[in-house]
Amino acid sequence: MTTNNFPKGFLWGGATAANQLEGAYQEGGKGLSLPDVMPGGKDRMKIIASPDFDFKIKPDYVYPNHIGIDHYHHYKEDIALFAEMGFKCYRFSIAWSRIFPNGDEETPNEEGLKFYDSLIDECLKHDIEPVITISHYELPLHLITEYGSWKNKKLIDFYERFARTVLTRYQDKVKYWMTFNEINSAAHFPIMSQGLTTSNGADDKKNIYQSWHNQFVASAKAVKIGHELNPDMKIGCMILYATTYSYDSNPKNQLATLQDNQANNFFCADVQVRGHYPAYTKSLLARQGVQLSDIDYTDGELALLAQYPVDYIGFSYYMSSVVDVTHENQETADGNMIGGVKNPFLKSSDWGWQIDPTGLRIALNQLSDRYQKPVFVVENGLGAVDKPDENHYVADDYRIDYLREHIEAISQAIDDGVDVMGYTPWGCIDLVSASTGEMSKRYGFIYVDEDDEGHGTFKRYKKKSFDWYKKVISTNGADL
Ligand code: BGP
């Protein structure tokens, strides 16, 4: 299909997160962070959700995030490859634990900042616009073990110091920022974005809402700092979005779908974009056994939320979801935190995530209609088991098909009138999976020779999708 409606300046690129690719977990003065104690393997989520999980490194587990893809030592090569594909932007995150190793220091670790100075300069050298997630699933461990993580208001100050440090340092170099990765994912897995698990209070829902409130305030402070430093900065929220369908026309399922959307897709963005808690907050909390009076908030904090909403809506989109509260024993689907009932109209990835490009067009329309602000698809992609040939070449036509269909959906949404800023497919270079901690779940245009135990040559090889995406960017989406 050819299409040529992508606006001039559309931000084509790719996305990663520090903890999933940098490795070098004890170099450059970096402190331990949450992913450093998350073991690899299919049971990763189960292990960290267990009431006995103690946030300690154990000799009998493998810790893939310690090594990542050793991007810390390969970043020049990796960015050169992104430049070769023609990336206009590169979304990455700054590891909090490199800048404030324990999270609560007064002064930043200069060596950590130097690494990002070089990374950012390397991007700029290649005319690649950096797009930075300030906090992407990577809390300094000390903030969890010592302070109980985001349910503690002290984290607002620690985050503010971290955000101020990097926003100030890069105020003239970096225009696009996001405050928290997939902030709403805590509805299902509070450990990733809030550092809360069963062993430190995730079972009590009020801790999750308190953590969100604290994060909303922290996010508003980052927006304030950023805009005061440089009014041209664009600072967005970042939510996990799964277009959510009702199983059928039964009004009970329709209502449940509406409520599911409020709880899982919209709640956080409603606060961060509109600057106030939505009218349904009380009933949403009540459905989870939480009272407004359980939450510690001040008028000053609410004023801050109102004054400093985000500039755009960044979101990840991998799949859609189906809600059914009227039938028992429905077959369920796996998913990016949220699965839902299996949708008979959709195919699934190797990991059971249901592939739905039309759902992306719907997502873009829904977010744009609701918020009337630009939207940015900052994650999308297909996790697959790639099989390289003897020359390490991966003919990943399945990935090309997935991406092509999703780019077509974006193009259609642009025709629908949606203001889409850009597209940064996830894991543009193979990296460690967030949910399984494995290398074998690959998303990249670039193959990294490394196995689930972190063994390999770490050499980079271009996949078939590399040349395909290069062509897409060079034609500004006209040739898919
Ligand atoms: C999102 C996260 C990413 C990333 C992606 C793919 O939820 O923001 O960090 O990992 O999902 O998920 P996974 O790695 O589990 O396949």
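These legends accompany close-up views of a predicted model.

Because the model is predicted, local features need pLDDT of at least 70 and side-chain atom pairs count only at pLDDT 80 or more, while totals for chains, interfaces and linings use all residues. Residues are numbered from 1 along each chain as its sequence is written.

**View 1. Helices α14 and α15 run roughly parallel to each other.**
Here you can follow helix α14 (residues 397-415) alongside helix α15 (residues 464-474), with axes that come within 9 Å and cross at roughly 25°. Helices (H or I, at least four residues) and strands (E, at least two) are DSSP runs, numbered from the N terminus. Axes are lines fitted to C-alpha atoms, for helices over the stretch in contact, and angles run from 0 to 180 degrees between N-to-C directions. Angles under 35 degrees count as roughly parallel, over 145 as roughly antiparallel, 65 to 115 as roughly perpendicular and the rest as oblique. The crossing of α14 past α15 is right-handed; a crossing is left-handed if the near helix is turned anticlockwise from the far one by less than a right angle, and right-handed if clockwise. On the α14 side, the contact is made by Asp397, Arg399, Ile400 and Ile407, and on the α15 side by Lys464, Ser465, Trp468 and Val472. Two residues are in contact if their C-beta atoms, placed from the backbone, lie within 7 Å. Sorted by class, the contact of α14 with α15 holds four nonpolar, one polar and three charged residues. For these classes, Ala, Val, Leu, Ile, Met, Phe, Trp, Tyr, Cys and Pro count as nonpolar, Asp, Glu, Lys and Arg as charged, and the others, Gly among them, as polar.

**View 2. Leu480 lies in the segment after α15.**
Look from Leu480 back to Ile400: the two are 80 residues apart in sequence and 9.1 Å apart in space, C-alpha to C-alpha. Leu480 counts as partly exposed because it has 17 C-beta neighbours inside 10 Å. A residue is buried if 20 or more other C-beta atoms lie within 10 Å of its own, exposed if 12 or fewer, and partly exposed in between, with C-beta atoms placed from the backbone.

**View 3. Helices α3 and α5 pack at an angle of about 20°.**
The axes of α3 (residues 71-85) and α5 (residues 110-125) are 10 Å apart. That angle makes α3 roughly parallel to α5, and α3 passes α5 in a right-handed crossing. Tyr75, Lys76 and Ile79 of α3 meet Leu119, Glu122 and Cys123 of α5. This contact of α3 with α5 has four nonpolar, no polar and two charged residues.

**View 4. Helices α9 and α12 are oblique to each other.**
Helix α9 (residues 205-229) and helix α12 (residues 299-307) have axes that come within 9 Å and cross at roughly 50°. Their crossing is left-handed. From α9, Phe216, Val217, Ala220 and Lys221 meet Glu301, Leu304 and Leu305 from α12. By class, the contact of α9 with α12 has five nonpolar, no polar and two charged residues.

**View 5. Gly68 sits buried in the loop between α2 (44-49) and α3.**
Gly68 counts as buried because it has 27 C-beta neighbours inside 10 Å. Not counting residues up to four places away in sequence, Gly68 touches Gln20, Leu21, Glu22, Gly23, Leu431 and Val432. The C-alpha atoms of Gly68 and Ala24 are separated by 7.9 Å, though the two are 44 residues apart along the chain.

**View 6. Lys173 is found in the loop between α7 (154-169) and β4 (176-180).**
With 14 other C-beta atoms within 10 Å, Lys173 is partly exposed. Leaving aside its neighbours within four places in sequence, Lys173 is in contact with Ile120 and Leu124.

**View 7. Asn329 and His392 each have a positive phi.**
Most residues other than glycine have a negative phi. Asn329, with a phi of about 55°, is in the loop between β8 (321-323) and β9 (347-348). Asn329 is exposed, with 5 other C-beta atoms within 10 Å. For His392 the phi is about 65°, and this residue is in the loop between β11 (375-379) and α14. His392 is partly exposed, with 15 other C-beta atoms within 10 Å.
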